Amino acid sequence: MAEQLAIVTPVTVTPGWIEGALMQRGIDARVAGIRMETVGTGQLGETRRFFIDYAGTAPPDAPRTVVGKFSSLNDTARETGQSMGFYRAEVMFYRELAPRAGIRTPLVYVAELDPETNDFTLLFEDLAPAQQGDQMRGCTLDEARAALSEAARLHAAFWNDRRLLTADWCYVPPGAQGFYTTELIERSWDHVCRHYAGWLSPEVKRVCEKFVRHHAYWNRPRDFPKCFSHNDFRPDNMLFGKPGERVAVVDWQTSNFLGSGMDVAYFIGGAFPRDMRRAHEQTLLRGYHDELVGLGVRDYPFEHLMNDYRHYSFAAIAVAIAATLIVKRTERGDEMLMRMTIGAAEQAWDNGALDLLPA
């Protein structure tokens, strides 16, 4: 059995540590030096790219760069990742589910978790020149189709997989959505109203106010079908390569086993401007549904998907407003969270989702 590598921070990664990580994948190479650069904004964790210099001639499978992910250096974000199980969920996904998930993810060299603190270290292959998506820019239709194809593969792989109900590492929310209690949602909405009100139109506020008022009802348990879901399925957590290449999906911190429809609603609500979403969401949903059926999912008519889609159109509101309190605050983060709130509220309004809540 391979010796467990130390759980490190970005600044404590050494050439010897990288060498040991590669050795765990059978890559016998001597690392002479490394250089580090920051990747992304790191609202819940720290991500770095490491450029590797080898001593002598490296074997052909030795990577020139790798990407590491670590616990946040921000106290608020780190406490959130530890206490809410986000760090544990991501490590365990890569350990337990990634090999059979169907979805494209990067090869993992290291996936270590401290069982006492829930601090973690992940080391991946670098999928560059694939580019990280951008929630602010949104997606093209081709990118959206590729992303939803990956979602269908993931969901079909674990559709109604009741083994996940008894896996001690797998989070199964007691309600429709995990992590975000009604108390947190109410407190977060009060915070948004005091600090972000200028972002939101009267229409968006009306949607959010009704959702928050009835959050406990909305978050009641949902019956099967269930599937393993990413739950932060948006462009920032995707790597897009050349046209025709499959999208790679990263950042599995909020993944869990819950009701169907979450990922597609969350993604479509934030991927497009309102008019573009209205024009294409039915076609995109049909494509996703056709792929699910083609992958063997049965007894899930399109009308059921549409009901799930309407229900989960509110999910991004919960994630975005809660994040204003529980993650590291940045200028880009503020804009992104408000855009997520606006997009989800407009999606809920346009699809009659308010009618699913009590009058």
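## Contacts and overall form

Of the contacts in the chain with a separation of 6 or more, 73% join residues 24 or more positions apart; contact means heavy atoms within 4.5 Å. This is a predicted model, in which local features need pLDDT of at least 70, side-chain atom pairs count only at pLDDT 80 or more, and totals for chains, interfaces and linings use all residues. Residues are numbered from 1 along each chain as its sequence is written, and side-chain values use heavy atoms, with hydrogens and water left out.

The chain has 12 helices and 10 strands, taken as DSSP runs (H or I, at least four residues; E, at least two) numbered from the N terminus. Along the principal axes, its C-alpha atoms fill a box of roughly 70 × 45 × 40 Å.

## Burial

Buried residues (under 20% relative accessible area, 1.4 Å probe, protein chains only) make up 57% of the 359 residues.

## Nonpolar cores

A nonpolar core is a set of buried Ala, Val, Leu, Ile, Met, Phe, Trp, Tyr and Cys residues joined through side-chain atoms within 4.5 Å. The largest has 105 residues, and Tyr94, Tyr180, Phe228, Phe267, Phe314 and Ile317 have the most contacts inside it. Helix H11 (residues 315–326) gives the largest share of this core, 10 residues. Apart from it lies another core, of 20 residues, including Ala21, Leu22, Phe50 and Tyr54.

Leaving aside neighbours within four places in sequence, Phe228 is in contact with residues including Phe93, Leu97, Phe158, Trp252 and Phe257. His155, Ser255 and Asn256 are also among the contacts of Phe228.

Key:
Buried < 20%, exposed > 50% of the residue type's maximum accessible area, 1.4 Å probe, protein only.
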